[in-house]
Amino acid sequence: MAQQGTLEVLLVGAKGLENTDYLSNMDPYALLQCRSHEQKSSVASGKGCEPEWNETFVFTVSDGATELFIKLLDSDGGTDDDFVGEATIPLEAVYTEGSIPPTVYNVVKDEEYRGEIKVGLTFTPEDSRDQGF
């Protein structure tokens, strides 16, 4: 069944990340991607391995988007941002439940555990009667 509606993603924070910046604390940020839509969190400057964002992102989902990808990167002024790890969050449960309280997901890089990220999800189905546009 095709899911259409609004997916609200509460990006709470992350823990136990590998510090890719040896000289100072990392300045991590997250890239959230659902199908072809991508959104970027603010940079948690100097927050190192335990950033907190408490930011909400809204995606319009359609055509059965089944997963949300969250990539964590370390913002390095001037050089390429370092890839810290990524989490894959399945969306089937939020479609059935409507909302999932903040839950911890593993952050992985090269198939190895690299910490965890806490994310809450809310899905609001689009009313099929509103399809008249």
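A polar contact is a pair of N or O atoms within 3.5 Å; within protein, one atom must be able to donate a hydrogen and the other to accept it, and residues adjacent in sequence count only if both atoms are side-chain atoms. The legends below use this term and a few others. This is a predicted model, in which local features need pLDDT of at least 70, side-chain atom pairs count only at pLDDT 80 or more, and totals for chains, interfaces and linings use all residues. Residues are numbered from 1 along each chain as its sequence is written, and side-chain values use heavy atoms, with hydrogens and water left out.

View 1. Arg114 sits in strand 8, residues 112–125. Strands (E, at least two residues) and helices (H or I, at least four) are DSSP runs, numbered from the N terminus. Is Arg114 buried or exposed? Arg114 is buried, because its relative accessible area is 16% and buried means under 20% (exposed is over 50%, partly exposed in between; 1.4 Å probe, protein chains only). A polar contact of 3.2 Å joins its side chain to that of Glu18. Contact in general means heavy atoms within 4.5 Å. Not counting residues up to four places away in sequence, Arg114 touches Gly16, Leu17, Glu18, Val84, Val107, Val108 and Lys109.

View 2. How many salt bridges does the structure hold? There are 2. A salt bridge is a side-chain nitrogen of Lys or Arg within 4 Å of a carboxyl oxygen of Asp or Glu. One joins the side chains of Arg114 and Glu18 at 3.2 Å, N to O. Arg114 lies in strand 8 and Glu18 in the loop between strand 1 (5–15) and strand 2 (28–34), so this pair ties together parts that are 96 residues apart in sequence. Glu18 counts as partly exposed, at 35% relative accessibility. Glu112 and Arg114 also meet through their side chains in a salt bridge, again 3.2 Å from N to O. Glu112 is partly exposed, with a relative accessible area of 45%.

**View 3. The largest pocket.** Rolling a probe the size of a water molecule over the atoms shows where empty space is left. A pocket is an open set of points on a 1 Å grid over the protein atoms alone, where a 1.4 Å probe fits, with protein on both sides within 12 Å along at least five of seven lines; lining residues have an atom within 4 Å of a point. The largest pocket holds about 150 Å³ of space. That volume is the space filled by probe spheres set on the points, with grid points joined across faces, edges and corners. Which residues line the largest pocket? They are Val12, Gly13, Ala14, Lys15, Glu50, Pro51, Glu52, Val104, Glu116, Ile117 and Lys118. Strand 1 and strand 8 each supply at least two residues of the lining. Strand 1 gives the largest share, 4 residues. By type, the lining divides into 5 nonpolar, 1 polar and 5 charged residues. Here Ala, Val, Leu, Ile, Met, Phe, Trp, Tyr, Cys and Pro count as nonpolar, Asp, Glu, Lys and Arg as charged, and the others, Gly among them, as polar.

**View 4. Ser62 in its loop.** Ser62 lies in the loop between strand 4 (52–61) and strand 5 (67–74). Ser62 is partly exposed, with a relative accessible area of 26%. Along the chain, Ser62 and Gln3 are 59 residues apart, yet their C-alpha atoms are separated by 5.4 Å. Neighbours within four places in sequence aside, Ser62 is in contact with Gln3, Gln4 and Arg35.

**View 5. Ala87 in strand 6.** Ala87 belongs to strand 6, residues 82–90. Ala87 is buried, with a relative accessible area of 0%. Leaving out residues up to four places away in sequence, Ala87 touches Leu68, Phe69, Ile70, Tyr105, Asn106 and Ile117. Ala87 and Leu32 are 55 residues apart in sequence and 9.6 Å apart in space, C-alpha to C-alpha.

View 6. Asn54 lies in strand 4. Its phi is near 50°, a positive value in a residue other than glycine. Asn54 is partly exposed, at a relative accessible area of 48%. Asp110 is found in the loop between strand 7 (99–109) and strand 8. Asp110 is not a glycine, but has a positive phi of about 50°. At 62% relative accessibility, Asp110 counts as exposed.
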